[in-house]
Amino acid sequence: MILPDPLPLVLEEAPDESLSSWLNRHAEFYGIAPSALSHRVGIGRLAFAGLDHRLNESEARTLASAMRRSPTSISNMTHLQHQDRLMAMIGRGGEPVHACSECRQRNRRDNQATATMKSWSHGWRITCPLCGSRLQDVDGGKAYPPADAFEHLWDEAWRGEELIANIDLLPADRAALGAVAFVAFASVARPHGYPTANRARQSA
Ligand SMILES: [Zn+2]
């Protein structure tokens with residue numbers, strides 16, 4: 001297997017940044033199309049969004065060589081660790097379903113304004129895993145402040161989020177009960193609808 005040469009300059013990844021976001025920022029930085037960068041880093045994909053959900057070992061090794069990282073750190077930028085029980089709750093298509101306004105501000109300060117966090121595609125999240133702020137819903141590229149009409153359910157929702165975030169550590173029956181309870185909450189508390197993997201991104 002011939003590995004690609006490392007890129008001359010590799011940008012620092014933002015905390016919790018998705019692999020596709022990081023690669024797209026490199027395409028912007030070098031002023032080339034994502035498909036051209038993909039060719040340069042040896043993986044031959046037209047778009048990077050799919051890599052967040054499906055990355056094989058050979059692609060991880062190839063990217064590790066081009067991007068000056070280890071295959072493990074490349075793999076950690078994907079959703080692969082959640083693919084087992086939570087796959088259906090991870091947004092697809094490259095458009096985030098949430099955003100954290102605090103982290104967006106920090107990213108802008110750090111010259112990483114277009115960085116997209118992995119957790120922004122995690123449908124079960126209601127708080128930011130980095131700073132603890134309440135996430136905003138994103139629909140059609142617009143962010144909406146969290147609804148306050150369901151404040152009385154907040155503690156319960158927060159416990160549900162924790163349960164789901166640790167779902168891989170739970171026995172299957174408890175995990176299923178927790179997921180059902182949380183989805184029931186989320187579907188009433190989100191005025192813009194509950195994001196799922198199949199949600200249509202009409203304005204994408
Ligand atoms: Zn945050």
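Colleague: In what sense do strand 1 and strand 2 pair, parallel or antiparallel?

Modeller: Antiparallel, over two bridges, with strand 2 covering residues 136-139. Keep in mind that this is a predicted model.

Colleague: Which residue in strand 2 stands opposite H98?

Modeller: D137 stands opposite H98.

Colleague: And what is the strand order in the sheet?

Modeller: The order is 1-2-3 in an open sheet of three strands, and the pairing is antiparallel. Strand 1 (98-99) and strand 3 (142-144) are the edge strands, each pairing on one side only.

Colleague: OK, zooming out. How many helices and strands does the protein chain have?

Modeller: Seven helices and three strands. Reading from the N terminus, the elements go α-α-α-α-β-α-β-β-α-α.

Colleague: What share of the chain counts as buried?

Modeller: 33% of its 204 residues.

Colleague: Which residues have the most contacts inside the largest nonpolar core?

Modeller: L19, L23, V41, L63, M67 and I74, in a core of 15 residues. Helix 1 (19-30) and helix 3 (57-67) each supply at least two residues of this core. Helix 3 gives the most, with four residues.

Colleague: What does L23 touch, leaving out residues up to four places away in sequence?

Modeller: L37 and F48.

Colleague: Why would nonpolar side chains be found together like that?

Modeller: In soluble globular proteins, nonpolar side chains tend to be buried together.

Colleague: New topic, helix 6. Which of its residues are buried?

Modeller: G160, E161 and I164 are the buried residues of helix 6. They cover an arc of only 100° around the axis, so they are on the same side of helix 6.

Colleague: And how far apart are the end C-alpha atoms of helix 6?

Modeller: 16 Å. Helix 6 has 12 residues (residues 154-165), and at 1.5 Å a residue they should span 16 Å, so the two values agree. The expected span is 1.5 Å times one less than the number of residues.

Colleague: Last one. What percentage of the contacts with a separation of 6 or more is between residues 24 or more positions apart?

Modeller: In the protein chain, that is 67%.

Notes
Residues are numbered from 1 along each chain as its sequence is written. This is a predicted model: local features need pLDDT of at least 70, side-chain atom pairs count only at pLDDT 80 or more; totals for chains, interfaces and linings use all residues. Two strands pair if DSSP finds at least two bridges between them. A residue is buried if 20 or more other C-beta atoms lie within 10 Å of its own, exposed if 12 or fewer, and partly exposed in between; C-beta atoms are placed from the backbone. The arc is that of the directions from the helix axis to the C-beta atoms. A nonpolar core is a set of buried Ala, Val, Leu, Ile, Met, Phe, Trp, Tyr and Cys residues joined through C-beta atoms within 7 Å. Two residues are in contact if their C-beta atoms, placed from the backbone, lie within 7 Å.
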